[in-house]
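Here is a short report on a protein structure. Look at the model first, then read on.

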Amino acid sequence: MTKIRNPKSKFPNCAGVGLGYRERFRADVFLHREKIDFLEITADHYLDAGAEKFEELKLLKDHFALVPHALDLSLGSAEGVDEVYLDKLARLIELVDPPWFSDHLCFTRSGGVKIGHLAPVPYTREAIRVFVRNIEKVKKRINAPLILENITYLVRFTSSEMTESEFIGRILEETDCGLLLDVTNLYINARNFGFDWRRFLDEIPLERVVQLHFVGSHRYGERLVDAHADRTEDEIWLVYEEVCRRADVRGAILERDENFPPFAEILNELETARRLMNSTQSRQVSIV
Amino acid sequence: MSLREQQNLLAKLYTDERLRRAFLSAPNETGADFDLDETEINDLVSVMPEELEFFAESLFWKRLREAEKLLPLVKKVLKSDFEPHFREFAAGFNPQTIKKHFEDALAFCRFLRRKKESALIASAARYEACRLEFFGLEKRLAVCPLDYDWREFGDRRAEIETSKLKRTKKLAVWLRTGKRIRHFFI
């Protein structure tokens, strides 16, 4: 398979492989700095930061390339983006000066209710317009490039007018955003809803893939869920490798939140991710 | 139904257990309260019940896990009763700030103290709330009057035998001087 590369991409060259920063890892990430190419910080942890959290951010910034990952822009909210949250996020990003930042293709609040999680939207033309409008507002306020992450879903809408891949592709094209392809989420959705993840990759604009997320899936009864609590399994490494083979991935992040193993195991997963990414770098073709 | 109206309804269904149960058991009556027509009600009912319930439960379990991490002493005191108490609390409270799990934990402590179920639970909740506020809000000083001596159970590994807990009148103090933090009892 020939890798698609876009020389006009505004995203910098490969950031490498890293992990989502968690406070409990603080000592370990500094001890093993040479094995971690960059860190993804959860933006929300620093938006109302006190002095200690601010010191932590400065320390991380002094020693690592940082990419902020936001949780609550709620880009799919028909009522619009929360201006207060947007302003706080903008100040954080000015401070960090990252190569890009990310949030999700979802909504997290509506009508004065905060859901507290990433809720899916129907794949409709109206929803596309909502995303485009909200993203334009974000881009006017924040200079750094925005990339958008695919989510898992348990709720399906009969009102959807198109497939998920078409929906994502149209939003990316209309907003000129990059894609944070969560390969675990893709695998989970494919297993739960019985579609072929390879076909999904055929249908999305792979030249827009900037970063990946990976982690193990979690079995809950008959379903898989994205608990971020398990070691990456072989089936997900297959998806990861295929994406690296087909797309010019700039960076990949291990997104582990729970059930933490010894840090050596975390480093082993990063090493696997790096090896697979490097082994697929050989053939590249520019698109014009 | 516009996307905005749909999202307003979904946000309520995801987070309000009573409304969700009412909707799933009597969709036509509840749906009428939201000006849903028959097609819209049928769409939600035919496709969504299992997914809706699963999604809502996963939200609850996420909140519960985070609260257990933030309130280890309360968890030790309540043991398996932590979950039903938290479920009762979560049905009536929806955090609004960026620090939602911190907000949840503090509000749960207030909930437990208002319930007045036992002096032991109230004391543990008060102690943990004070600790959380000291660290979470980066206070310089926090003082908490105690009815029980929680000193021994600061170690997360220590289990609590409530029959052996000593009733006492003490003050728990947290003090921050520069980067140094001290915690002691007087």
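## The nonpolar cores

A nonpolar core is a set of buried Ala, Val, Leu, Ile, Met, Phe, Trp, Tyr and Cys residues joined through side-chain atoms within 4.5 Å. This is a predicted model. Its largest nonpolar core has 107 residues. The members that touch the most others are A:Leu19, A:Leu89, A:Leu181, A:Leu212, A:Tyr240, A:Val243 and B:Tyr14.

Take A:Leu19. Leaving aside residues up to four places away in sequence, A:Leu19 touches several residues, among them A:Phe25, A:Val29, A:Phe38, A:Ile253 and A:Leu270. Another core, of 38 residues, lies apart from the largest one. Its residues include B:Phe86, B:Cys109, B:Leu112 and B:Ala172.

## Where the chains meet

In chain A, 41 residues are in contact with 34 residues of chain B. About 3,200 Å² is buried between the two chains, and carbon and sulfur atoms give 57% of that area.

The interface holds three salt bridges. A:Glu258 and B:Lys69 form a salt bridge through their side chains, at 3.4 Å from N to O. Between the chains, 13 residue pairs are in polar contact. On the side of chain A that touches chain B, strand 7 of chain A gives the most, with seven residues. That side divides into 19 nonpolar, 10 polar and 12 charged residues.

## Two positive phi angles

Most residues other than glycine have a negative phi. A:Asp176 has a positive phi of about 55 degrees. This residue sits in the loop between helix 5 and strand 9 of chain A. A:Asp176 is partly exposed, at 40% relative accessibility.

For A:Asn259, phi is also positive, at about 50 degrees. A:Asn259 lies in the loop between strand 13 and helix 9 of chain A. Its relative accessible area is 53%, so A:Asn259 is exposed.

Technical notes. Residues are numbered from 1 along each chain as its sequence is written. Chains are lettered from A and ligands numbered from 1 in the order in which they are written. This is a predicted model: local features need pLDDT of at least 70, side-chain atom pairs count only at pLDDT 80 or more; totals for chains, interfaces and linings use all residues. Side-chain values use heavy atoms; hydrogens and water are left out. Buried means under 20% relative accessible area, exposed over 50%, partly exposed in between (1.4 Å probe, protein chains only). Contact means heavy atoms within 4.5 Å. Helices (H or I, at least four residues) and strands (E, at least two) are DSSP runs, numbered from the N terminus. Buried area is the accessible area (1.4 Å probe) that two parts lose on being put together, summed over both. A salt bridge is a side-chain nitrogen of Lys or Arg within 4 Å of a carboxyl oxygen of Asp or Glu. A polar contact is a pair of N or O atoms within 3.5 Å; within protein, one must be able to donate a hydrogen and the other to accept it, and residues adjacent in sequence count only if both atoms are side-chain atoms. Ala, Val, Leu, Ile, Met, Phe, Trp, Tyr, Cys and Pro count as nonpolar, Asp, Glu, Lys and Arg as charged, and the others, Gly among them, as polar.
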